[in-house]
Amino acid sequence: MKKSEFLERLRKGLSGLPREDIDERVNFYSEMIDDRMEEGISEEEAVAEVGDVDAIISQIVTDTPIVKLAKERIKPKRKLETWEITLLIIGSPIWLSVLIAAFSVVISLYASVWAVIISLWAVFAAAVGTSLCGILLCVKQFEVDGNTLGGIAMIGASLICVGLSIFIFFGCEAATRGLVILTKKFFIGIKRIFIKEEM
């Protein structure tokens, strides 16, 4: 890929960012390619060493705060007319309440999913606690009460709880990791809404 093509794709991929940020990133990568070419490698090799343009765009989008993207996206390209401002004010009881309701639904769904994850961790803690208590009761059954069958039963119950707690731990860990990854992808997806390639 040629330098000009790389920089053009980079500029298009970052079209939702503020103009000064786009220029800064394009200039940075342009200088990086120039530095590599001054070292004696070809233009195509220099561009290849910089990295994949789509991965670079994705990383920049991930690192850019969503507030900055939203400000750039909703910043009016022209001054609003008086009738437009009037319609926005008159319609605000409807669109503002719908926006608040949608935001509340998303937050409550997210909190509900985390509540399930926390409940799973509580089950794990209960299984670990039960296995520890079973071991203590086993000692009591053997030494204090002299009940061999009761002690063996407690050992069996404790081992079952230990096994269950191991399975529960891996499930909880996978669910937590999955939700964290899903949250990250969700926020990246929201950021991508604000970054649209120019057609």
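The following dialogue examines how several structural terms apply to this predicted model.

Mentor: In this predicted model, local features need pLDDT of at least 70 and side-chain atom pairs count only at pLDDT 80 or more, while totals for chains, interfaces and linings use all residues. Residues are numbered from 1 along each chain as its sequence is written, and side-chain values use heavy atoms, with hydrogens and water left out.

Trainee: How do you know that the span of helix α2 agrees with its number of residues?

Mentor: Helices are DSSP runs of H or I with at least four residues, numbered from the N terminus. The expected span is 1.5 Å times one less than the number of residues. For the 20 residues of α2 (residues 19-38) this gives 28 Å, and the end C-alpha atoms are 28 Å apart, so the two agree.

Trainee: Which residues of α2 are buried?

Mentor: Buried means under 20% relative accessible area, exposed over 50%, and partly exposed in between, with a 1.4 Å probe and protein chains only. In α2, Asp 21, Ile 22, Val 26, Tyr 29, Ser 30 and Ile 33 are buried. They cover an arc of only 165° around the axis, and therefore lie on the same side of α2; the arc is taken from the directions from the helix axis to the C-beta atoms. The face turned away from the buried side carries the exposed residues Glu 20, Glu 24, Glu 31 and Glu 38.

Trainee: What makes the pair of Tyr 110 and Trp 114 edge-to-face?

Mentor: Rings of Phe, Tyr and Trp (its six-membered ring) pair if their centres lie within 6.5 Å; planes under 30 degrees apart count as stacked, over 60 as edge-to-face and the rest as tilted. The centres of Tyr 110 and Trp 114 are 6.4 Å apart and their planes stand at 80°, so the pair is edge-to-face. These residues are four apart in helix α6 (residues 82-145), and are therefore separated by about one helical turn.

Trainee: What is the geometry of the aromatic pair formed by Phe 124 and Phe 169?

Mentor: Their centres are 5.6 Å apart with 50° between the planes, and the pair is tilted. Phe 124 lies in α6 and Phe 169 in α7 (residues 148-194), so the pair ties together parts that are 45 residues apart in sequence. Trp 121, Phe 124, Phe 169 and Phe 170 form one aromatic cluster.

Methods:
Helices (H or I, at least four residues) and strands (E, at least two) are DSSP runs, numbered from the N terminus.
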